[in-house]
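Hello,

The structure is below, followed by notes on what was found in it. Please read the notes with the model open.

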Amino acid sequence: MITETDETSAIEAHINSVIEKYRQYVNPGLTRLLQFGGFGDLEVFAEGCVVTLASGTQCLDFLGGYGVFSLGHRNPAVVDAVKRQLDRMPLSTRAYFHEPQALLSERLAQVTPGELSYSFYSNSGAESVEAALKFARKATGRTKFVSTEGAYHGKTMGSLAVTGREKYRKPFGPMVPGTTFVPFNSADAVAAVLDGDTAAVILETVQGEGGIVPAVPGYLADVRRITREAGVLLIVDEVQTGLGRTGRLFGCEHDDVQPDIMTLAKALGGGVMPIGATVFTQEVCDAVFGENPYIHTSTFGGNQLACAAGLAALQVTVDDELSARSVRSGARLMAGLRSAVSHAPGVLKEVRGLGLMVGVEFAVQDVAELTINGMARRGVIAGYTLNNPKVIRFEPPLIVSDSQLDQAVNAFGESVNEAVSLLQDIE
Ligand SMILES: Cc1ncc(COP(=O)(O)O)c(C=O)c1O
């Protein structure tokens with residue numbers, strides 16, 4: 001007879017053997033870090049906002065793959081579109097045209113602001129930034145970029161060169177030359193460094209990895225005016241903010257800004273497929289692809305499966321009015337987080353965000369780490385921000401319910417209290 005205890009130890013043994021393979025064959029440091037952080041389990045099933053672990057624990061996904069799962073996990077419309085495409089033709093020969101790419105590109109041209117009308121596809125956020133940087137150089141004949149301190153644009157050579165944290169750049173130097181970093185949220189700082197060699201300014205509309213720092217109203221519009229006057233392109237990186245996350249379909253719409261190039265990834269795949277997109281104007285298209293349509297390519301970019309997912313994801317986002325839902329739920333979440341720790345003054349520095357891109361800045365880094373750990377033990381996944389370890393972030397699916405928001409807020413309050421008393425005991 002197999003007892004419950006036998007079954008539990010068999011599951012534990014399975015979990016440990018998989019984690020051991022990560023230690024031996026993937027990344028020992030990461031394995032240690034995840035185990036230490038309270039994430040020593042396997043994710044085996046997911047639906048909506050809930051992830052089921054091998055141990056049987058169910059977690060609320062308030063990290064949302066850093067913006068990937070805006071529609072939740074396995075959104076039925078996206079899964080259905082991908083399954084139908086899978087049964088017909090998943091990947092392209094690259095010799096012919098195919099309908100999913102044509103339809104997605106048409107839709108992106110319709111929903112993106114201003115004159116953005118052509119799409120180049122890749123498979124990730126960093127690749128969409130790589131394309132944007134190359135296009136800006138080719139379109140302007142200039143070589144330099146302006147980026148911001150704390151910015152995150154990816155970790156490939158080009159995207160890393162415009163990522164605003166020395167810690168990630170230095171070990172891989174020398175970088176692609178020509179990037180100047182200026183403080184985020186200062187248009188004057190941008191104006192001061194533009195010159196006749198500047199190809200583009202690249203900006204997030206909310207710095208994600210930088211610690212969930214929204215652009216102040218007017219900043220993006222000012223940078224747009226300054227860049228236009230200087231003949232410099234504006235690249236808006238919406239990889240994390242795109243598709244309703246901040247309460248508008250695109251973050252730059254908060255300031256009514258029309259970039260020359262926009263980058264998208266994460267949520268565009270509907271939480272089912274990887275996809276990156278670089279969307280640009282006619283002028284950029286002519287300059288980049290006019291002479292040679294093969295000047296920049298990607299074997300898998302724009303494949304049928306990814307484009308079918310993208311098209312379905314856009315449809316659901318617009319039809320279900322997820323941007324508006326993000327505004328409402330974001331307000332409820334931020335109010336809840338603030339009140340959950342209102343009795344412990346000095347612990348929290350700030351709760352900030354836009355829509356459902358929310359960051360909590362603690363006065364002390366240890367409280368941030370222990371809170372993430374405590375929330376994991378209470379069945380809520382929250383995340384770090386790479387460039388600001390005092391900030392924890394919440395990016396739940398935009399479909400999150402009020403009761404799930406309240407559950408996460410309770411777990412947060414309890415975890416902060418626990419962290420504070422633990423640190424007091426140590427002192
Ligand atoms: C704003 C922004 N740009 C680019 C990237 C890089 O995307 P990926 O990790 O898909 O390469 C990220 C990833 O977090 C991001 O947040």
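**Strand pairing**

Strand E16 and strand E17 (residues 391–394) run antiparallel and are joined by two bridges. Two strands are taken as paired if DSSP finds at least two bridges between them; strands (E, at least two residues) and helices (H or I, at least four) are DSSP runs, numbered from the N terminus. Within this pair, Tyr384 has Ile392 in E17 as its bridge partner.

Before the rest, the conventions. This is a predicted model, so local features need pLDDT of at least 70 and side-chain atom pairs count only at pLDDT 80 or more, while totals for chains, interfaces and linings use all residues. Residues are numbered from 1 along each chain as its sequence is written, and side-chain values use heavy atoms, with hydrogens and water left out.

E16 and E17 belong to an open sheet of four strands, in the order E13-E14-E17-E16, with antiparallel pairing. Its edge strands, E13 (348–354) and E16 (383–384), each pair on one side only.

Elsewhere, strand E2 (residues 50–53) and strand E3 (residues 58–61) run antiparallel and are joined by three bridges. Thr52 has Gln58 in E3 as its bridge partner. E2 and E3 form a hairpin with four residues between them, and Gly56 in the turn has a positive phi of about 100 degrees. E3 is also joined by two bridges to strand E15 (residues 380–381), and these two run parallel. There, Leu60 stands opposite Val380 in E15.

The chain is divided into domain 1 (1–36), domain 2 (38–67 + 321–426) and domain 3 (76–319). The bounds come from an automatic or database domain assignment.

The C-alpha centres of domain 1 and domain 2 lie 25 Å apart. Eight residues of domain 1 are in contact with eight residues of domain 2, where contact means heavy atoms within 4.5 Å. The two domains bury about 580 Å² between them, 68% of it on carbon and sulfur atoms. Buried area here is the accessible area (1.4 Å probe) that two parts lose on being put together, summed over both. In domain 1, the residues that lose the most area to domain 2 are Ile15, Leu34 and Phe36, together 56% of what that side buries.

Across this interface the rule finds zero salt bridges, a salt bridge being a side-chain nitrogen of Lys or Arg within 4 Å of a carboxyl oxygen of Asp or Glu. It does find five residue pairs in polar contact, both residues at pLDDT 80 or more. A polar contact is a pair of N or O atoms within 3.5 Å; within protein, one must be able to donate a hydrogen and the other to accept it, and residues adjacent in sequence count only if both atoms are side-chain atoms.

On the side of domain 1 that touches domain 2, helix H1 (4–25) and helix H2 (28–36) each supply at least two residues. The largest share, five residues, comes from H1.

**Salt bridges and backbone**

The whole structure has 18 salt bridges. In one of them, the closest N and O atoms of Arg23 and Glu20 are 2.5 Å apart. Arg23 and Glu20 are separated by about one helical turn, because they are three residues apart in helix H1.

Two backbone points remain. The peptide bond from Gly173 to Pro174 is cis, with omega near -5 degrees; Pro174 lies in the loop between helix H8 (166–169) and strand E6 (179–182). Ile212, a residue other than glycine, has a positive phi near 50 degrees, and its place is in the loop between strand E8 (206–207) and strand E9 (213–214).

Regards
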